[in-house]
Amino acid sequence: YQKKYCSGVGIESTDSGSDGSTPVPDMLWRRYSEFELLRTYLLVTYPFIIIPPLPEKRAEFVWHKLSADNLDPDFVERRRVGLENFLLRVASHPLLSNDKIFFLFLTDEKGWRDAVLETGFQDKVDSRLKSLSASFRVKNPDKRFTALKQYSDELNTAISQLLRIRARVADRLYGVYKVHGNYGRVFSEWSAIEKEMGDGLQSAGHHMDTYAASIDDILEEEEHYADQLKEYLFYTEAVRSVCRKHELIQYELEMAAQDLTYKKQQREELATGTVRVFSLKGMTSKLFGQESQEQREQKLMALEQDIKEGEELLKEKNQECHEFVQSAWKDIERFKEQKDRDLREALISYAIMQISMCKKGIQVWSNAKECFSKM
């Protein structure tokens with residue numbers, strides 16, 4: 001990666017081509033929108049995988065003194081690190097790492113976009129979304145996915161609250177540190193009118209000025225730890241996405257089963273001549289006479305074919321649902337291990353940073369105390 005302060009990211013490679021025929025460029029550029037396109041492709045192609053999230057495009061959960069400008073060098077650098085982390089997450093995944101489009105993203109600067117569009121992934125997602133209303137409900141939801149969805153919502157709430165509290169604490173720290181600059185100014189002015197005490201006051205003021213100036217670097221470092229928490233805030237949406245995709249497959253399975261049951265009921269009614277449920281068609285038959293034997297046999301033959309196709313469809317949907325659950329749960333277990341490890345490390349690092357910051361504050365006042373003692 002090249003540390004450039006712009007909207008794109010440079011990917012650096014040392015590979016000269018796997019078979020020696022097509023050399024890989026030393027470096028190529030990718031815009032944020034291209035990362036978004038890659039992730040959308042992965043979401044559609046691997047619906048059972050918790051796809052790593054991208055870093056935020058605009059700064060959120062920041063302390064108000066921090067610039068929220070999207071072109072701010074510090075923010076751009078943190079976003080670059082986040083994009084690099086996204087690629088590392090994908091590259092370390094046992095399945096995603098072998099995807100051809102992902103490889104082209106890393107090696108083909110111009111051709112990869114055409115390649116990803118040629119997969120037709122966009123039509124696939126559009127057709128599925130159009131086939132369902134936004135308010136569909138599954139009659140027999142999988143309890144494991146229901147619990148996972150609830151956990152994801154609760155984790156999202158917990159991390160959101162944590163980030164808001166962190167931003168408020170950072171705001172207060174900024175104020176406390178900057179006010180120490182007033183100590184420095186007062187001690188410096190005071191030292192000018194004192195002969196015997198002047199040097200001690202001057203030295204103490206210098207320590208206070210140094211302490212006040214250090215807050216900017218401290219809070220910038222703290223933002224990096226916040227970014228690690230933000231990644232899992234965005235991960236919760238990826239988890240919910242897998243749950244929604246399972247609901248969609250489960251819904252299609254239930255609709256296939258319901259449709260097959262209805263067709264079998266129609267076959268029984270035709271065969272016996274009895275109508276269980278009131279229908280306009282049944283009332284019409286009573287008013288205007290029954291169908292001929294030949295017509296009934298033709299309809300029975302058509303229904304038998306529909307039932308046969310319905311049974312095949314139901315079998316396919318059952319298999320699809322079974323395979324999705326198996327693959328998804330395997331990836332969910334992998335994600336849980338990763339999440340526990342990453343969040344533990346991030347929170348420990350955050351605690352160590354806070355302890356270190358407090359120790360620096362104690363050291364500053366200890367130094368000031370020595371200055372006062374020597375007066």
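Axes here are lines fitted to C-alpha atoms, for helices over the stretch in contact. The model shown is predicted.

**Close-up 1. Helix H6 packs against helix H7, with axes that come within 7 Å.** H6 spans residues 143–191 and H7 spans residues 198–213. Their axes cross at roughly 160°. Angles over 145 degrees count as roughly antiparallel, so H6 and H7 are roughly antiparallel to each other. The crossing is left-handed.

**Close-up 2. The residues that join H6 to H7.** From H6, the contact is made by Tyr177, Lys178, His180, Gly181, Tyr183, Gly184, Arg185, Phe187, Ser188, Trp190 and Ser191. H7 supplies Gly198, Leu201, Gln202, Ala204, Gly205, Met208, Asp209, Tyr211 and Ala212. Nine residues of this contact are nonpolar, eight are polar and three are charged.

**Close-up 3. Helix H2 meets helix H8 at an angle of about 45°.** H2 covers residues 73–92, and H8 covers residues 215–272. The two axes lie 11 Å apart. The angle makes H2 oblique to H8. Here the crossing is right-handed.

**Close-up 4. Side-by-side residues of H2 and H8 in contact.** H2 contributes Asp74, Arg78, Asn85 and Arg89. They meet Glu220, Glu223, His224, Asp227, Glu231, Tyr232 and Tyr235 of H8. Seven residues of the H2–H8 contact are charged, two are polar and two are nonpolar.

Notes: Residues are numbered from 1 along each chain as its sequence is written. This is a predicted model: local features need pLDDT of at least 70, side-chain atom pairs count only at pLDDT 80 or more; totals for chains, interfaces and linings use all residues. Side-chain values use heavy atoms; hydrogens and water are left out. Axes are lines fitted to C-alpha atoms, for helices over the stretch in contact, and angles run from 0 to 180 degrees between N-to-C directions. Helices (H or I, at least four residues) and strands (E, at least two) are DSSP runs, numbered from the N terminus. Angles under 35 degrees count as roughly parallel, over 145 as roughly antiparallel, 65 to 115 as roughly perpendicular and the rest as oblique. A crossing is left-handed if the near helix is turned anticlockwise from the far one by less than a right angle, and right-handed if clockwise. Contact means heavy atoms within 4.5 Å. Ala, Val, Leu, Ile, Met, Phe, Trp, Tyr, Cys and Pro count as nonpolar, Asp, Glu, Lys and Arg as charged, and the others, Gly among them, as polar.
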